[in-house]
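Please keep the viewer open as you go through the points.

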Protein chains: 2
Amino acid sequence: MTVLAVDIGGTKFAAAAVAPDGEMLARAEVPLRGPESAGRTLSEVVRRITERVAPGRLDGIGIGSAGPLDPRRGTVSPVNIPAWRDFPLVDALGETLPGRPVRLAGDAQCMALGEWWRGLTDGDPAARSRAMLGMVVSTGVGGGFVLDGVPYVGPTGNAGHIGHITVDPGGDPCPCGGVGCVETVASGPGMVRWAAANGWTGADARALAADARVGHPTAVRAFRRAAGALATAVLTASALFDLDHVVIGGGVAAAGPILFDPLRQAIERDAGLGFLRRLRVDPTSLGRDAGLFGAAALVLLQDSL
Amino acid sequence: MTVLAVDIGGTKFAAAAVAPDGEMLARAEVPLRGPESAGRTLSEVVRRITERVAPGRLDGIGIGSAGPLDPRRGTVSPVNIPAWRDFPLVDALGETLPGRPVRLAGDAQCMALGEWWRGLTDGDPAARSRAMLGMVVSTGVGGGFVLDGVPYVGPTGNAGHIGHITVDPGGDPCPCGGVGCVETVASGPGMVRWAAANGWTGADARALAADARVGHPTAVRAFRRAAGALATAVLTASALFDLDHVVIGGGVAAAGPILFDPLRQAIERDAGLGFLRRLRVDPTSLGRDAGLFGAAALVLLQDSL
């Protein structure tokens, strides 16, 4: 069984054909050009796969999508794609490959499942996490849990919203309606907003990371502040889920040691209870492919999920 | 199959014989008299059940215990029972009824499972929660999750430690090693400590609740502050687990509307994301029996767990 994996992001769509052993037979990526182009972009990215892997060889479709989404109804409403509100993505892709199973989960949930399946412990099932959190720290902050090898998506499919837990009750209001959410502090825009309010004059999170790497004090503090919020979030999730492994990807996480060093220090400092101290925290080992592997795994591993 | 259910608390032990339909055939409770008496108290509370329900009729043993505990090894180390450190409770009770299955989980995990099985939706499996949190708010704050009818205990058995998630990063240090944990704010001793520091002169949490009920401003604020911390904790768990129901028991929760009114108001105010807004929050409907029902359910429902 080879699977069509589709990753619906806020700024680009990606797709791949993935074999049961995890080999990626074909891969394509198409940027979204304007808010009305989502339908065309979806057709285009799928066509680039089926040009190279005949549709007759594709036995299922796995989809990871930016949220919110409703896996029961198969619909998605990605925040950055206003043209898609309750868009029937499962039906739309099902028409492309009629009769095949189609499965849908959140993008961060797929990232977590991809890391669990093909990530750091690839090839050694015994070394795999029993309770894992995958996080995407980027323009937003998302998460997904894999418990004993099964993605935990919750009754409505919305489990893993770690970007919207409060880590600073006296903090900024969040567009979600909450206050002091992780996303207000540790997302790229959240970090840039704080740095700008403290006198930094750069353009974006990438520039902030570059400045932090050469020791710009405000930029360094912005990353330490984000790392502190992420540490609280990671320890919170660990206390509730008894996690053994956290894998973090996304643009902000790609900044590397300027984020991970203070993050690990904060976790080391604040992890009190004994069972929290076994937690490993790693950057993604699959980069942007984690979500595609996870989308494929939704179908490929479904008998064991 | 009738089960011996045992509830190991910090100040008393309880036991019951529970039939498969949930009927409690016998129930006993024995207070702990001094730190060295745990072994005698255990024998005594079990004897009071086996006097009334013949040991030959008891086909299994379910145990809920104050933590920390290690369900894999069957050992417990309750904070308030210093004489028991890595005490082999599963073996000790297994010798009482040789050859029967013995299962062990945390006290709050059993409280949650008991509420799921025999609580508000008793008799109507269709109305049961798909993702439930049970909390015990008392001298400490504990929790347990039941996901699709299965207790989620995590790889080391420690899932559900909601009392030790940080809700106030600038708050008091917690004996666990963390900072601003729910327990520092919302436990009975935490509330009393704060009220005393703000001029209140009563004796304990019970007196604080009595004063809050008659409108003593500092007592009212202490309950509002605890409710705020619990609201943050409940919303955090809901964002991560996609919860539909939270049930709260324990001595502090027994204070009633002076806690639940501000708690529900804070949740209503801060629940931004759509899926959080379906959450129901209720006081326990089983009182102190929830833990015994849950301990029994560990064995009675084990085929479906």
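Predicted model: local features only at pLDDT ≥ 70, side-chain atom pairs only at ≥ 80, totals over all residues.

1. With eleven of the eleven residues buried, α9(A) is largely enclosed by the rest of the structure.

2. Next, a helix that α9(A) meets. The axis of α3 (residues 107-118) of chain A comes within 6 Å of the axis of α9 (residues 290-300) of chain A, and the two cross at roughly 80 degrees. Angles of 65 to 115 degrees count as roughly perpendicular, so α3(A) is roughly perpendicular to α9(A). On the α3(A) side, the contact is made by A:Cys110, A:Met111, A:Leu113, A:Gly114, A:Glu115, A:Trp117 and A:Arg118. The α9(A) side contributes A:Ala290, A:Gly291, A:Phe293, A:Gly294, A:Ala295, A:Ala297, A:Leu298 and A:Leu300. Sorted by class, this contact has ten nonpolar, three polar and two charged residues.

3. Do take a look at A:Ala112, which also sits in helix α3 of chain A. Is A:Ala112 buried or exposed? Its relative accessibility is 0%, so A:Ala112 counts as buried. Setting aside neighbours within four places in sequence, A:Ala112 is in contact with A:Met132, A:Gly134, A:Gly144 and A:Val146. A:Gly143 lies 31 residues from A:Ala112 in sequence, yet their C-alpha atoms are 7.5 Å apart in space.

4. Now for helix α1 (residues 38-50) of chain A. Its 13 residues should span 18 Å at 1.5 Å a residue, and the end C-alpha atoms are 18 Å apart, which agrees. Which residues of α1(A) are buried? They are A:Ala38, A:Thr41, A:Leu42, A:Val45, A:Val46 and A:Ile49. These residues cover an arc of only 125 degrees around the axis, so they lie on the same side of α1(A). An α-helix has 3.6 residues a turn, so residues three or four places apart point the same way. The buried residues of α1(A) pack against β1 (2-8), β2 (12-18), β3 (24-31) and α2 (89-96) of chain A.

5. Finally, helix α8 (residues 257-270) of chain A. A:Ile258, A:Leu259, A:Phe260, A:Pro262, A:Leu263, A:Ala266 and A:Ile267 are the buried residues of α8(A). Their packing partners in chain A are α6 (205-213), α7 (217-241), β11 (245-249) and β12 (280-283).

Note on methods
Residues numbered from 1 in each chain as written. Chains lettered and ligands numbered in written order. Heavy atoms only, no water. Axes fitted to C-alpha atoms, helices over the stretch in contact; angles between N-to-C directions. Helix = DSSP H or I, 4+ residues; strand = E, 2+ residues; numbered from the N terminus. Parallel < 35°, antiparallel > 145°, perpendicular 65-115°, else oblique. Contact = heavy atoms within 4.5 Å. Nonpolar A, V, L, I, M, F, W, Y, C, P; charged D, E, K, R; others polar. Expected span 1.5 Å × (residues − 1). Buried < 20%, exposed > 50% of the residue type's maximum accessible area, 1.4 Å probe, protein only. Arc of directions from axis to C-beta.
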